[in-house]
Amino acid sequence: MELSGWGRYPRIKGQLHEPRDEAALAALLQADTPVIARGLGRSYGDSAVAAQTVSMRHFDRMIDFDPDSGQLVAEAGVSLAGIIDAFLPRGWFPSVTPGTKFVTLGGAIAADVHGKNHHSEGAFSAFTDWFDLMGADGRVIRCSRDANAELFANTFGGMGLTGIILRAAIRLRRIESGWIRQTMIPARNLDEALEAFDETMDATYCVAWIDCLGTGDNLGRSLVMTGEHARPDELPPERRARPFDTPRHRDIPFPFDLPGFVLNPYTVRAFNALYYRMGARKAGDGLVDWDSYFYPLDAVQHWNRLYGRRGFMQFQCALPLEGGDTGLRRLLEAIARSGAASFLAVLKRFGPQTGPVSFPMEGYTLALDFPMNRRSLALMPELDRITIEHGGRLYLAKDSRMSRETLRQTDPRWSEFTRMRHEAGLDRRFASAQSQRLGL
Amino acid sequence: MSAPVLILGARSDIARACAHRFAQAGHPLVLAARDAATLEADAVDLRLRHGVTVDCVDFDATDSAGHGAFVDALDPLPAVAICAIGAMGDQLESQRDPVAAAAVFRANFEGPALILGELAQRFEARGTGTLVGISSVAGERGRASNYVYGAAKAGFTAFLSGLRNRLARSPVQVTTVLPGFVATRMTEGMDLPARLLAQPDEVANAIFRAVEKRRDVIYVRPIWRLIMAVIRALPEFVFKRTRL
């Protein structure tokens, strides 16, 4: 069958295995071809596709919860959506969440996902106490900060290349309501946006939507949004009695592939201008339910069809604090100049780097979607070059097309990772289309 | 306190999906299957996610002599009983080996019918209850590719229909479920058309709604009603030449 990531590019022909227990999983590791584990397929590129792909969907049981510490033990195929369904009504929420709740625990660890609170609280690894990993020989070992610490560290951001994550213990966060107190700060350009980041460093959540088609004085025009979990006394009186009741979102299906020509620089420019004006009008404080705040795109099932059958790609880089502002400016200029259509680009402030191959580094991260076409592909090497020149790196969970050379120049940490994999015999058992493309 | 639900054959994918659907609505569960200790991981998951009580009990559908004692031991008697017991077997083996064929009859007809019959007696005496039998479209007309399984399911469907007829004047509801193709362990590796292939969650949702609305016979995807109407309407001299 044909498998792809969320960006629907590239599509790889291969076999999808769906083992139901550890024995069946271990048996798959006996074969000569290496395998890669796959959760809900939300990585954008080819991180979770291979000739032999192993779906972890049958490993979807919760195992234990300690209401004193908030520690949840669950199998790797359990999703954040399932965790929220079960625990939000009891006053718990994932400590770190990416922009979709349809990710599994295994995937969140493998990509060491970050959320809107990276600057204040760190990545997914910061709240993971331990996990069980099936190694190349099919044996299962428990990894934590104390036991098998090196393997533990290398697995965060290791993209499933250190073994198959079977189950994990993560710490949830106590919350008092299902609502977020959001503050919207319009920024007319990049300087204002970065200034707003500096001023909101102590906010729990902070993210900016950035209009990549703005030029000149409007370059980097953004809406900076901070958020805090609301306390019941901050809710309108009629909501205080049941603070975890939020409107249930109806899933809006996206039933067909949009023809490629619908998204062009003109329609996207018009959309972005409208979005900015509507946002600026809402400047100030407001209450937003958790689903709209963290997962606005989850409301539209299969929104990846928006980009048509050819799919799309996402460029996400991290730039260091020093010189990061210049790097961002150059990236935005290059994007605006190219006229490649991108909307809902996201800019964020990152906190310090943790872990040997985890993506985030102290500084900024910029993420933008591009429809898969010649113009976008032509732009990528230029964005890569600017990233390299400013000491930045690219996020493997989003990557579908980077070259080995770009990886070497942006993120030399992977050569040590590759050596470790070879010595431990992991490279013969675990590989994805991405790891083969990048020589990991 | 919501009404307790008994799920027979609780290890199957459809049964597991039903367990989650009913637990989500707050129903306490009793999961019954052979080797009940192995259901414990599912039970823990159900308790954690939905905060309901879940008990696991040993049950062997083919041990018909033990059915009475099994039902006696249920305390309280459940309000809803869902029977998801079944096994496709291997048609070629069933053709060659009468012992294998008998096992398919027992697993898909005799066992499910007798345990629901036993529960029907208790529900009728109590004056309330819902019995759900998961049968199969394979029982609507025997086909060369799986008629041993199909014949057993036909027997089960007829049994449920008769039971429903008998209990029509009592408050006890009997629901027949004809799921069509479902993505389960049973159909793993088969090349089935996606439009006709339901997910276990979909079947569980349909069963949940059917119990709420006291429906008699449900197909999970409406298209199956049409397909089966056509298959049933084919004259035998045509049907016998088909390869379905």
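1. Let's begin with a definition: a residue is buried with under 20% relative accessible area, exposed with over 50%, and partly exposed in between (1.4 Å probe, protein chains only). Helices (H or I, at least four residues) and strands (E, at least two) are DSSP runs, numbered from the N terminus.

2. Keep in mind that this is a predicted model, where local features need pLDDT of at least 70, side-chain atom pairs count only at pLDDT 80 or more, and totals for chains, interfaces and linings use all residues. Residues are numbered from 1 along each chain, chains are lettered from A, and side-chain values use heavy atoms, leaving out hydrogens and water.

3. Have a look at helix H13 of chain A, residues 413-423. Which of its residues are buried? They are A:Arg413, A:Trp414, A:Phe417, A:Met420 and A:Arg421. Down the axis of H13(A), these fall within an arc of 115° (taken from the directions from the axis to the C-beta atoms), so they line one face of the helix. On the other side, A:Ser415 and A:Glu423 are exposed.

4. What do the buried residues of H13(A) pack against? Their partners in chain A are helices H5 (149-155), H12 (404-410) and H14 (433-438), plus strand E21 (393-394); contact means heavy atoms within 4.5 Å. Just after H13(A), A:Gly425 has a positive phi of about 70°.

5. Now the sheet: three strands of chain A form an open, parallel one, in the order E3-E5-E4. Strands pair if DSSP finds at least two bridges between them. E3 (15-17) and E4 (36-38) of chain A are at the edges with a single partner strand each, so one side of each lacks a neighbour in the sheet.

6. E3(A) pairs with E5(A), residues 52-55, over three bridges. A:His17 has A:Val54 as its bridge partner in E5(A).
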